[in-house]
Amino acid sequence: MSVHITGSGSFIPEILKKNEDFMNIEFLNPDGSKFDVPNDVIIKKFQSITGIEERRYASENDLTSDLAYKAAKNAIIDSGIDSESLDYIIVAHNFGDISHKNHHSDILPSLASRVKNKLKIKNPNCVCYDIIFGCPGWIEGVIQAKAFISAGLAKRCLVIGAETLSRIYDSNDRDSMIYSDGAGAAIIESKDDNNGGILSHKSCTFSNDEAYYLFCGKSFDKKKNGNNQYIKMHGHKIYEFAISSVPLALKECLEMSNKNINDLKKIFLHQANEKMDQAIVDRFYKLYNLKVPENIMPMSIEKLGNSSVATVPTLFDLVKKNKLNNHKLKKGDVILFGSVGAGMNVNALTYQI
């Protein structure tokens with residue numbers, strides 16, 4: 001038996017927000033003081049580091065569960081399955097459903113149950129639950145789905161990563177330019193052969209000094225009243241942590257698969273920061289005393305920004321369906337998935353198409 005991704009889908013929201021749209025925002029330091037440089041300088045430096053030129057935001061009427069449903073529907077269509085045959089629906093997110101008008105997080109019922117309701121699945125044996133694992137949540141959901149299938153507890157699972165970060169960021173924090181909205185999904189199921197599929201996986205949690213590198217905190221604007229909490233991060237610490245921890249996880253995961261580094265065709269990393277992802281891949285290949293092969297790492301962050309748990313499944317879906325220039329997949333290709341995020345969690349997965 002092997003466990004495969006038999007269908008994928010994504011949903012990219014319609015609202016486009018470009019870097020220049022932040023020109024009139026009052027960016028502040030954590031202590032509430034103003035920057036001593038104009039916004040065009042801040043934005044130019046931001047783009048040079050992150051690679052982000054624009055990002056997508058959900059429409060006012062869409063919640064995270066709506067984006068998840070739309071991506072799930074596309075994955076189900078792509079796989080050709082009957083949705084009633086699903087044994088599990090696993091939704092990775094971090095903030096639940098947040099309305100356009102407020103910052104209140106709603107996770108009752110779970111987003112997975114909401115998606116099942118939207119899909120009109122009547123089968124009570126289709127079990128739904130959410131997973132909160134930071135940005136690596138979708139990969140972790142795939143790992144869990146594989147475990148259910150390998151244990152004989154399921155034959156077919158739907159794993160979704162969805163987020164609306166545009167509703168949880170502090171507009172006075174320059175990091176707000178990183179965040180975006182979106183959703184990606186995949187059907188994970190067993191096949192009666194031993195050809196390819198999920199070959200290995202690796203997960204780690206570093207929660208001593210690293211636990212609060214990403215956290216929720218108050219606005220940098222001290223004049224704002226209320227108890228609203230916004231996503232915050234220690235960007236430099238995350239960068240240093242990621243470029244040291246993720247390459248090691250990728251290496252261990254690849255070696256568990258018994259595949260050679262030269263077998264790798266693509267590496268799908270969480271789209272957090274272009275410079276960081278490039279450093280991760282560079283350090284990964286240095287562990288083998290090799291240079292990074294040309295065209296090994298697809299990137300979507302330039303146009304889609306960082307949508308947390310949605311970046312990896314969305315990126316995979318785009319490449320799988322030949323929607324990203326100069327990147328294609330074919331039967332037999334060996335690929336790596338990798339991510340890092342709040343917790344701090346790191347994971348990786350080796351997969352053969």
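Reply:
**Pockets and their surroundings**

The lining of the second largest pocket is made up of five nonpolar residues (Ala, Val, Leu, Ile, Met, Phe, Trp, Tyr, Cys, Pro), six charged residues (Asp, Glu, Lys, Arg) and seven polar residues, meaning the others, Gly among them. The model is predicted, so local features need pLDDT of at least 70 and side-chain atom pairs pLDDT 80 or more, whereas totals for chains, interfaces and linings use all residues. Residues are numbered from 1 along each chain as its sequence is written, and side-chain values use heavy atoms, with hydrogens and water left out.

A pocket here is an open set of points on a 1 Å grid over the protein atoms alone where a 1.4 Å probe fits, with protein on both sides within 12 Å along at least five of seven lines; a lining residue has an atom within 4 Å of a point. Of the 18 residues that line the second largest pocket, Y57, H100, S166, R167 and Y169 lie nearest its centre.

The largest pocket holds about 1200 Å³ of space. Its lining numbers 50 residues, and those nearest the centre are D175, I178, M233, H234 and G235. Two or more lining residues come from each of helix 1 (39-50), strand 11 (214-217), strand 12 (230-233), helix 5 (235-256), helix 6 (274-286) and strand 14 (334-341). These elements are DSSP runs numbered from the N terminus: helices are H or I of at least four residues, strands E of at least two. Helix 1 provides the largest share of this lining, with six residues. By class, the lining holds 29 nonpolar, 13 polar and eight charged residues.

A nonpolar core joins buried (under 20% relative accessible area, 1.4 Å probe, protein chains only) Ala, Val, Leu, Ile, Met, Phe, Trp, Tyr and Cys through side-chain atoms within 4.5 Å. The largest such core has 48 residues, and L264, I267 and F284 have the most contacts inside it. Helix 1, helix 5, strand 13 (264-269), helix 6, strand 14 and strand 15 (345-352) each supply at least two residues of this core, and helix 5 gives the most, with 10. Leaving out residues up to four places away in sequence, I267 touches (heavy atoms within 4.5 Å) V281, F284, Y285, I296, M297, P298 and L336. A second, separate core of 32 residues includes Y88, A145, V159 and A186.

The peptide bond from G343 to M344 is cis, with omega near -10°, and M344 lies in the loop between strand 14 and strand 15. Another cis bond runs from L108 to P109, with omega near 0°; P109 is placed in the loop between strand 6 (105-106) and helix 3 (111-118).

Two asparagines have positive phi. In N258 phi is near 65°; this residue lies in the loop between helix 5 and strand 13 and is exposed (over 50%), at a relative accessible area of 70%. N295 has a positive phi of about 65° and sits in the loop between helix 6 and helix 7 (301-304). N295 is partly exposed (in between the two limits), with a relative accessible area of 35%.

Methods: Points joined across faces, edges and corners; volume = space filled by probe spheres on them.
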